[in-house]
Amino acid sequence: MATADEIRELMRTEGAAIAENTQGFNTGRYDSVGDLEDYEDLKRAARGIKEDAIEELPELLDQLTETVEANGGTVYIADDAADANEYIRDVADERAADRVVKSKSMTSEEIEVNEALEADGVDVVETDLGEWVLQIADEAPSHIVAPAIHKSRESIAELFNEQFDPDEPLETAAELTHFAREKLGEQIIDAEVGITGANFIAADTGTMALVTSEGNARKTVAATDTHVAVAGVEKVIPTVEDLHPFIELIGRSGTGQDITSYVSLLTPPVDTPVVDFTDDETPLSEFDSDRDFHLVLIDNGRLEMRDDEQLRETLYCIRCSACSNSCANFQSVGGHAFGGETYSGGIATGWEAGIEGLDVAEKFNDLCTGCTRCVNACPVGIDIPWINTVVRDRINRDKEAPGEWLVDGLTPDEEDDGAPLQKRFFGNFETVAKLGSATAPVSNWLADTTLARQTMSRVLGIDPRRDLPAFERETLVDWAGDRDSQVTNPERRAVLYPDLYTNHVQVERGKAAVRVLESLGVDVVVPPAPSSGRAPLSQGMVATATDHAERVTKALEPHIADGRDVVVIEPSDHAMFTREYERLLDESSFTDIAANSYEVFEYVFGLLDNGASVDSLSTVTGAEIAYHSHCQQRTLGLEAHTVAVLEECGYDVVTSDVECCGMAGSFGYKSDYYELSMDVGDRLRTQLEDDGVQDRPVVASGTSCLEQIDALLERQPRHPIELLAT
Amino acid sequence: MESKRASFEGALEALGVTVSSTSESELEAAVTEAVTEPAVGVALDETVGDGTFSLVETPITVDPTPAALREATTGVTGAELGVGDYGSLVLSMTEQASELVSLFVERHVAILYEEDIQPDMDAAVAELDERFTETNGSAIIATGPSATADMGALVKGAHGPKEVHVIIVEEED
């Protein structure tokens, strides 16, 4: 696991450059996909092509092999890194290559082909400028697309000046680029073998697509007579026509460019003549184009991933980096914390678990807070947080059982063994909350004592700098149970889901929700119900979460059958009902609960839209307010409802657009991540303290967001529903 | 036709690519004006359709030696297709080394027949799909100049050309 010290050091050394670059890419992505009329259709098409291609992978590999060989190339399917390297070394050896030039490729990073070739005395030169910087600095990439994203211009200039001692010290980006172009240009035309990756390979014609902006892949292929393309077996798609959605999506998703400068569609060996660049007599066209082409397709665990129901989606990944750039934590610490041996960012968990193993994936798996901001960013719709959850579960189960006695009674969970103590504590927070309410206010006082804080810090890794939630003695369910419905002749009937926090901690927002719904003519009941399972799911305790899901279904089913809508205040729980339960429940139970559940403002919006009068709510005239929506709510497209309702009630609303508040459930409580959580939170704080925003009261939808904002600002935030209650 | 061309030119402008237009009979003059010497090029009949224009009467060295290519500032080639909504050029890879001429120079001048402008990427890829299926061909979809942001700011001319100029050849009346 990345330790608190490592995280702090990375934030200090690489944080600023990473933050600037990833946020730039991410903003560019929003702008660029915003210009696409058929964005969602393109995403669906892209996913469909990958789904089918992975389904038919063995047949496509056979077809591709046949096509490439008919074109005059060679195909080698390598079982693993060593196998691939041995083949590539043989190619270089046969060509008697002194120098190999490479166009950036993550797959070649994965197999570490540079080291293999260098061991044979071959000079290997990276031609992508960012990758070349790292080669000189002897560092690993920190980003799938922009490998040297963590390096500032100043540090590159320092590196070049030290390494190459130029006559005039290099300073500007243009000087550095020009220097690299000259230096690399000479080395490229002097090389015998060119290695590239391949973003996609069409089985019908053997055409491969290479996406670059510098033109180094073009030069690498054109200036050498032997081309080795290295790619994972999952890169195969059926036809050239299938490239269309990917060409439209890959640059936009990655760096926010509508398209990168060059999309090379090569059907090697290509016709470009192989020239001697020093020749000043022979015209270009008189050189022949005698070229060798080797396609090295690498399995290295991928075919096993294909058979793994949970990891299979990883193979749809097109390496665009949208998941990294949209990830709030990645924006703070970058790929050197948020990555494994090769891949970084959200999807790295799937890749590293499949290629390297659980032990490598474990080192950074906890950096995924499950906020789901990457889900809509992914152009092939991979549920990356789910992959992270599954891998977390597998890691838990891989462990020795911890000291059970410490959490006896606190952990009535379904985990047979393994899940670490801290995870089981947070995963079983329902039990803690029940005890807390039952014994409040003593529990709150006790929990806040120095001794208790020290113990929680030592045993559970809960950061002492965090305020703890204060439990209410009277739960929302108790309050509602003692109360008669205020509505006669109801317009609709609903069950308000008493989520863990609303029921035990944020009871006031629950009461406000009941009052608002009643004002709008809804008959409301608040029956006891189990917690949604969000807490154990966050800890990778999938079996426990499944048990919660089943019990929640049992508790809510009779109400749904009775014609009641399910209204949910906590967005992360609403997301459970409408997203994650699909993974945990049988299809009909899921459909039943998902189709009948509404986030509270989505529901209020619907009531107003269907004729309920806003006059029955508390309204204002132009009062200013700042609103921070919740990650999972935004993923579900439900932010707009809150804004619309607040505006209808007369508020002038400013919304935050940072990806996340940085808290995400238990994440920000953990000592290892406290500083990272606050660093992410700082971006939200900055927005909320901007001119024109700094005096606005703040409302936020999620419990975690409320707690984080409470820690970040002087102003105490509230749930927006509390503004509406009369 | 007009809207494809307008959207193509708009996209080129946004990319910082300059454009001029001419007729086939005026093409020599237009090309001469567009190049910065020393200039090298690939005879058009080798790269685009049945064009007969050969660049003979221009200051451009057609089919240069590799050394001359490396000395050249401008490279002139044809473009197979234009992509309206992206301002992309589809460059072919020929035995006449059009790939080298369009890439190993600072300034690339691409000659594109107006009728070869496709409305969008979908149409362009469908066209390439058809061609590749017949010929096992290769092509570069080139959009704007070569660029990198790896050195801390966006810089044009990373490995390939830092300037691109497109000459659109209009049909004669």
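Which residues are buried in helix H21 (residues 429-439) of chain A? Before I answer, some ground rules. This is a predicted model, in which local features need pLDDT of at least 70 and side-chain atom pairs count only at pLDDT 80 or more, while totals for chains, interfaces and linings use all residues. Residues are numbered from 1 along each chain as its sequence is written, chains are lettered from A and ligands numbered from 1 in the order in which they are written, and side-chain values use heavy atoms, with hydrogens and water left out.

Back to H21 of chain A. Its buried residues are A:Phe429, A:Glu430, A:Thr431, A:Val432, A:Ala433, A:Gly436 and A:Ser437. Buried means under 20% relative accessible area, exposed means over 50%, and partly exposed is in between, with a 1.4 Å probe and protein chains only. Helices (H or I, at least four residues) and strands (E, at least two) are DSSP runs, numbered from the N terminus. The buried residues of H21(A) pack against helices H20 (421-427), H22 (442-447), H25 (500-504) and H28 (542-561) of chain A.

Next, a helix pair. The axes of H16 (residues 348-355) and H17 (residues 358-365) of chain A come within 7 Å and cross at roughly 155 degrees. Axes here are lines fitted to C-alpha atoms, for helices over the stretch in contact, and angles run from 0 to 180 degrees between N-to-C directions. H16(A) and H17(A) are therefore roughly antiparallel; that term covers angles over 145 degrees, with under 35 roughly parallel, 65 to 115 roughly perpendicular and the rest oblique.

Now the core. The largest nonpolar core has 76 residues, and A:Ile347, A:Ile382 and B:Ile141 have the most contacts inside it. Such a core is a set of buried Ala, Val, Leu, Ile, Met, Phe, Trp, Tyr and Cys residues joined through side-chain atoms within 4.5 Å.

Last, the backbone. Cis peptide bonds join A:Pro268 to A:Pro269, with omega about -5 degrees, and B:Glu37 to B:Pro38, with omega about -5 degrees. A:Pro269 sits in the loop between strands S9 (262-266) and S10 (292-298) of chain A. A:Asp138, not a glycine, has a positive phi of about 55 degrees and counts as exposed at 71% relative accessibility. A:Thr372 also has a positive phi, near 70 degrees, but counts as buried at 2% relative accessibility.

Notes
Contact = heavy atoms within 4.5 Å.
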